[in-house]
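Welcome, and please take a look at the structure shown here. The notes that follow go through strands, cores and a helix contact.

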Amino acid sequence: MKSVYTHYKERLIEISGKSRSVYMRNLGKKIAYDIGKTLEKDLPAQVEFLKFLSSDKREYDLQLKNSDNPEKELTTLKAVAREAEEVEKETGRYELFIGYPFVYGSVRDVILKAPLLFYPALLEVSDVGAKLTLKRNESVRLNKALIFAYAQARNINTEDLVTEFDTNALPKDLNAVLSYLRSFGIKIQPPQHKYIYNFNKFPEPKSHDTPTIMRACVIGRFSLANSIYNDYSELERKKLTSPALEELLRPGKVGKERPIIPDKNYYFIGDVDYSQRRVVEKVANSGNVVIYGPPGTGKSQTIVNIISDAICKGKKVLVVSQKKAALDVVYNRLGDLNEQAMFIVDPIKERRSIYEQCLARHNKVMESAESAHLLGRYDEITDLIKTETAKLEQIKETLDVRSPFGLNLLEMYYNSYPPNNMSDDMPIYKRLLADKKLMSVDYATLKESTEACLGGKMDTYYKYVSKKRRNPFVAHLKPKLPLSLLSSARSKLDNLRRRVDVFDEGSYPYARHILAHYDELDGKTQDKLLVKMLSASEYPQKYKFLRVSKIIFPLYPFAKVAMLRAEKKVWKKFLATKRVVGEFIKDYVFLKEVLTDGGYSMAINALLEGNETKIENLQNALTEYVSISDLKSSISNFSQSELAVASFAYAHGKDKNDYQEIVRKILPLRIYNEIAKYEDTMKAELSLSVDFESIRSRISALLTEQKELARKICAEAFIGTYQNAYRNGKNGKDYLYEISKKQNYRPLRKVMELYGEYLFNLFPCWLLSPENVSTVLPLKKNVFDIVLFDEASQVFIESTIPSIFRGKNIVVAGDAKQLRPSATFMRRYMGAEEDESADASRQAALEVESLLDLAVARFDSANITYHYRSASRELIDFSNKAFYDNRLHVSPNVTKSVKNKPIIRIKVDGRWSNRKNEVEAEQTVALIRKLLRAGKGDTIGVITFGNEQQNCIEDLLEKTARNDPDFRALYAEEVARKQDGQDVDFSSRISKTFRVTSAISLFSAWVTLSEKTAR
């Protein structure tokens, strides 16, 4: 059974035929360019090119005059150069090489078709041509992957084989190189021809072909076999392991750990919130830990505080990340303490500057002295902070008491905002206070109701009340009417509308009164009551005289008689009118079956008046009965609270958008009112909060002093240790000589093996990629107290094992919801078929992709939950709800403006062609021009969903810059822009899908482009 190490090692070396450094099936558009195709027909150019590779001439103009399509060739060269630059920004490695010559053939089952030598080169492309430059102070390299593939297939030991050569140390010609390889048992046949040919000129190698040199030549990006492979070989050969590796790979084999005594002090050099503090404490006390750090929660700041806490306690820290940008952030946030950090991106290119840095740091430390009483003062401040914090805890307990409304004060402060007297909120707030229904419901009900309205119910209510406002009969249709009855009613109404006779109200003055009470009239009592009412209205003087006569009794008989005579006249008109009205409306009795009493009365009035508009409304209401009934049915499902919310918004809004905005404001404004009431009832309990500002100010001052002390303690932490080690070390002078040399530098790995004791005390913090860990640091167990992996969701697990071996405790920081490890910048061989004999733990270690995937199942976890990055919470709300289960604490917006929206959707009438949308690209560039000309200083990020669209935008930006001098100046300034020591230029922020997450973190302004496309 293969060991886990073997499986992981096989993934790294990529000798399966999936590695471009072993087998190049073809040249991708952005991966490599065929120089041989350009040189094939030009023998003088070939001679000049070979001199360029072998002599001190460092530059070569790549002529495209023999090309059938020079413009296409330049486009390919630009794509290759851009890709190399993007990889450098992502990983810190500039992996552009001239590969020449090629090896074609096979060894055992491995097909070989790849360069033998790699010449590190720069590629500059203009609109008219391209220039190649061999990089000074960098080695020409043998193709390690190809050599290892051959060596493994033949079981050859290549430990002593040199794969990197200075120009003057390189074997003089190709035959000398082949002879050197043969001395190690690597047999490659010399070429049968002397000219450089097209890459596709040579036949595909077959499984029985002897490895032979072919004079093909390309320039492209090659991820060379790395030193992690060598570490695996040693781990496997010596069967090395560590407690951290055992817990990660074989958790069942790890025994119980001893109880941990928490540290008294923690040393923070930056601000920390509650969750970040708990993370640092857990790392200090709990051994191996996974840190969940969603976007914008201060993960980098937390890492910096983990580093400072560890160094202050005399611990050494290694920070590892596959992404150079992540290490850049940590290094820059250390501030002046980065003097104690060794950050290496390219150990070959930076060798000289690294030794210069070591010497400068050595001289400074040897001249330094440790300050007295720093730790004692730090203890005093810690105790004072605890005393003041206890007072805040009392205030917090008060804020945690839940009100009858359903929230505690802390929650109310978080979910509300005060209405500004000069804003549109104040009128809404005043009207809300007058609404008894909305002021009577509790928080949970009101929240549920507003969310329901925003979720679609407001649209339903708006449609219904709009119909009702336009047509009053909508509210008076009876429910559940059969279609046959509706059809009959519509037909009868339509026929009756054609009748020529019109009711003459002038001849029958009591018609309207009779109609209003027609259903109540019974020929006796009710008729009398109505007649008396009509008489009093028509003869007011007589009615008034009758009322007065009841007080002056002798007049009463006379008044009574006069009133009876008047009533008699009214009776006569009343009976005549009642008869005529009855005759007129008897044909409309059918309307009682479809309308409520109020609706029926309204309909008859309209008919009596001959009001065509109202009659038309009645007809329309009957015609639209089904849709109206559906809306009524939906409204009937509204709760009382939902109806109150919807009606309030409708009553006070101007249009549909205004209604929605009012609904959004109801809850925070109601909460604001509850705050005022609750604060009044909790005066005694809140009395301590009167001193809150002074408590906060005292704590703030103490924390500031504490951070400054932590910086001093951290800066001086290893001074004494280093001075003692250097003064008492047996090889101190040799060490000083080595870091003082001006030339003939030893490889860093060798210097670290000899003098690591000094350098680890000189630099207690190291920041490296996984590959550079294995390149620079000796493979020794527990070299570091903490090995911290940043962006651990984006690093393949096989790249991390040798780094983990070097540490006592492991901290894995990342976010499982963000990008998985990307093979964009490195190909990955997953090894042989699944090992069915592996136990569950071992199989899990072989199946996972990233370090984070496995670590979450093995180590304790700690979460950072307070989100700070988004100025508008709308930018993170979707992610918080969709991916983080609302676990992120997001601050409310400081200002709420309908005009200044954080997300804008721009429709573009574009079409996709050849996997790009030129209209959308033009709109993007126009928007960039507008933003740059506005001069607000905001950083701008552009995300595209494909390589072609990214290139299209970049080409348009360059074209626009050439044609517009003003824009060219702004664009050039933006391209060169740095912020906090980090690149924020366009080339680092115009990103493809696989970099969306990292690109989002750079945005200050967001623009979402939405295209109207036909694919």
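A residue is called buried when its relative accessible area is under 20%. In this predicted model, strand β15 (residues 765-768) has Cys765 and Leu767 pointing one way and Trp766 and Leu768 pointing the other, and all of them are buried. In a regular strand, side chains alternate between the two faces of the sheet.

You can follow β15 to its neighbours. Strand β13 (residues 317-320) runs parallel to β15 and is joined to it by four bridges, with Val319 standing opposite Leu767. Strand β14 (residues 341-343) also pairs with β15 in the parallel sense, over three bridges; here Met342 stands opposite Trp766.

## Two nonpolar cores

The largest nonpolar core has 72 residues, and Met458, Leu591 and Leu595 have the most contacts inside it. Helix α26 (residues 656-681) supplies the largest share of this core, nine residues.

What does Leu595 touch, leaving aside residues up to four places away in sequence? Its contacts are Phe473, His476, Leu477, Lys478, Tyr600, Ala603 and Leu618. A second, separate core has 59 residues, including Ile228, Leu245, Ile719 and Ile739.

## Where α12 meets α28

Helix α12 (residues 351-366) packs against helix α28 (residues 719-728) at an angle of about 100°, with the axes 10 Å apart. Angles of 65 to 115 degrees count as roughly perpendicular, so α12 is roughly perpendicular to α28.

From α12, the contact is made by His362, Val365 and Met366; from α28, by Ile719, Tyr722, Gln723, Tyr726 and Arg727. These residues divide into five nonpolar, two polar and one charged. Ile719 also belongs to the second core described above.

How values were computed: Residues numbered from 1 in each chain as written. Predicted model: local features only at pLDDT ≥ 70, side-chain atom pairs only at ≥ 80, totals over all residues. Heavy atoms only, no water. Axes fitted to C-alpha atoms, helices over the stretch in contact; angles between N-to-C directions. Helix = DSSP H or I, 4+ residues; strand = E, 2+ residues; numbered from the N terminus. Parallel < 35°, antiparallel > 145°, perpendicular 65-115°, else oblique. Contact = heavy atoms within 4.5 Å. Nonpolar A, V, L, I, M, F, W, Y, C, P; charged D, E, K, R; others polar. Core = buried A, V, L, I, M, F, W, Y, C linked by side-chain atoms within 4.5 Å. Buried < 20%, exposed > 50% of the residue type's maximum accessible area, 1.4 Å probe, protein only. Pairing = 2+ DSSP bridges.
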